[in-house]
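Q: Hi, could you walk me through this one? I'd like to start with how the chain is divided up.

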Amino acid sequence: MASLFNNKQQEILLEARNVSKTYDEGKKQAKSPQAPLVLDNIQLEIRSGEFVAILGPSGSGKSTLLRLLAGLIQPTTGEILFKGVPQYGPNPHLAIVFQSFALFPWLTVLQNVELGLQAQELTRTQRMKRALAAIDTIGLDGFEDAYPKELSGGMRQRVGFARALVVEPELLFMDEPFSALDVLTAANLRKELMSLWEAHNMPTKAIVMVTHNIDEAVSMADRIVVLGSHPGRIRVELPGLAREQRGLQTEEHTALTDLIYRIMTSPQEDVSALLPVTMPSSKTHPQAAARPRPYQALPHVSIGDVTGLIELIHASGGRDDLYKIGRQLHLEVDDLLPLVEAADLLNLADTEEGDLVLTEKGQRFAAANVQEEKDIFREQAMANISILRKIVQDLEQAPGHTLPEQHFLEFLEQHFSEDEAQAQLETAINWGRYAELFGFQDERGAFRLEDAEELAINE
Ligand SMILES: Nc1ncnc2c1ncn2[C@@H]1O[C@H](COP(=O)(O)OP(=O)(O)OP(=O)(O)O)[C@@H](O)[C@H]1O
């Protein structure tokens with residue numbers, strides 16, 4: 001597509017070329033016919049001077065992509081190049097800040113930061129000098145001798161940043177660096193990081209950040225890479241906003257946030273159909289279309305939360321912008337999307353152009369009393385949710401209308417990994433119980449048809 005973001009003249013630091021990743025290759029897959037493809041044919045360039053954010057639904061492979069780019073894991077096919085040279089191990093010119101600060105509790109701040117320099121051949125004095133400078137840059141002056149447990153979450157993450165920056169990395173990677181912090185601390189740390197970056201007060205040439213916070217990506221990044229799932233793939237690369245347009249209140253920020261919600265809530269849609277004509281410099285990756293899932297997968301949410309979402313939309317007149325709902329509920333897209341998917345699967349709501357719109361059933365559901373609500377839910381569940389239908393149908397046929405959970409687990413394991421099959425069944429139990437379709441006895445691991453007694457009498 002169109003040339004990207006006028007940065008052709010800038011040096012390509014890192015490149016993923018035709019990269020695909022499958023975990024557990026070689027492992028014997030007794031039940032699943034093949035190991036799932038986690039990332040499919042990734043093409044990505046990181047250039048000098050840019051801040052790139054990677055967004056995508058949970059499980060789309062964001063962290064996997066970051067680890068591949070960092071050389072911590074190897075691609076199954078394709079290659080990662082640093083300044084044009086293929087990489088086969090951890091990249092020494094790169095440092096990573098993780099969500100879970102990953103500090104050693106028995107070491108002081110200074111010692112934790114010095115650890116970053118372990119691999120470099122430096123004298124003790126040089127090491128300490130560099131560590132003190134990094135501590136100073138990141139605003140930890142005076143805390144050199146403190147232990148992690150004496151620090152707040154924000155200060156601990158500063159240590160994480162200092163430990164990364166002390167190696168003077170050409171590339172700084174961040175994996176959800178602010179998501180474990182409270183809102184104000186995160187905002188403060190983001191702002192400080194951006195001023196260091198913009199003032200060139202750090203030696204880093206490019207930053208790559210994985211996040212599931214759309215506002216965070218829009219307010220920080222020069223380029224936003226949106227991944228899709230099943231398999232993980234790049235759907236689109238969007239140009240970030242000009243510096244002066246960033247900030248929750250600007251029209252441009254709202255428009256870009258809205259667009260990203262629209263893209264992420266339309267996983268099957270061709271992204272080019274969703275892009276405004278005013279965004280010619282975005283780059284879609286049409287070669288990797290979503291593959292239909294072999295079996296309908298339930299999003300792992302509780303029905304109580306879906307009900308809350310439906311009621312909220314009802315209170316807003318039956319339709320609302322997804323980005324507004326996210327902000328109102330303090331939900332990041334990773335938490336909101338599964339709720340939206342559940343409402344959509346149950347045909348209680350549809351997504352339309354970045355809005356969530358209640359269906360006629362959804363309107364009735366929101367206005368119903370508790371019993372009517374259950375009735376509508378049961379009807380929608382039986383009409384739309386394959387695994388619930390299967391559980392009920394198999395129980396109807398089974399002696400005593402009872403079946404062990406193993407029966408359904410074995411079925412689900414034909415379509416999902418062992419862990420995911422277990423998770424799918426747990427979600428199905430949660431939904432099925434709410435709908436009063438069947439009972440599940442935890443201690444016996446047994447399913448029983450809810451109206452089994454009634455059925456027995458009628459037989
Ligand atoms: N070490 C591993 N072994 C096997 N499978 C893995 C491993 N790490 C990740 N996966 C699987 O790969 C897929 C992508 O995971 P990854 O953590 O990269 O996604 P993500 O987009 O970062 O998700 P999240 O936002 O939930 O952190 C998931 O299905 C996950 O279960």
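This is a predicted model: local features need pLDDT of at least 70, side-chain atom pairs count only at pLDDT 80 or more; totals for chains, interfaces and linings use all residues.

A: Happy to! Domain bounds here come from an automatic or database domain assignment. That assignment gives domain 1 (12-284), domain 2 (293-384) and domain 3 (386-459).

Q: How many residues of domain 2 are in contact with domain 3?

A: 13 residues of domain 2 are in contact with 16 of domain 3, where contact means C-beta atoms, placed from the backbone, within 7 Å. On the domain 2 side, helix 12 (residues 370-384) gives the largest share, 5 residues. Helices (H or I, at least four residues) and strands (E, at least two) are DSSP runs, numbered from the N terminus.

Q: And how far apart are the centres of those two domains?

A: Taken over C-alpha atoms, the centres of domain 2 and domain 3 are 24 Å apart.

Q: Switching to helix 4: is it mostly buried or exposed?

A: 10 of the 13 residues of helix 4 are buried, so the rest of the structure largely encloses it. Buried means 20 or more other C-beta atoms within 10 Å of a residue's own, with C-beta atoms placed from the backbone. Among the buried ones are Arg156, Phe161 and Leu165.

Q: What do they pack against?

A: The buried residues of helix 4 pack against strand 6 (94-98), helix 2 (109-115), helix 3 (124-137), strand 7 (171-175) and helix 5 (183-198).

Q: How many bridges join strand 1 to strand 4?

A: 5 bridges join strand 1 (residues 12-22) to strand 4 (residues 77-82). Glu15 stands opposite Leu81 in strand 4.

Q: Last one: what does strand 10 pair with?

A: Strand 10 pairs antiparallel with strand 9 (residues 223-228) over 6 bridges, and with strand 11 (residues 283-284) over 2 bridges, also antiparallel. Ile224 has Leu238 of strand 10 as its bridge partner, while Glu237 is partnered by Lys283 in strand 11. In the hairpin of strand 9 and strand 10, His230 takes a positive phi near 55 degrees.

Notes:
Residues are numbered from 1 along each chain as its sequence is written. A residue is buried if 20 or more other C-beta atoms lie within 10 Å of its own, exposed if 12 or fewer, and partly exposed in between; C-beta atoms are placed from the backbone. Two residues are in contact if their C-beta atoms, placed from the backbone, lie within 7 Å. Two strands pair if DSSP finds at least two bridges between them.
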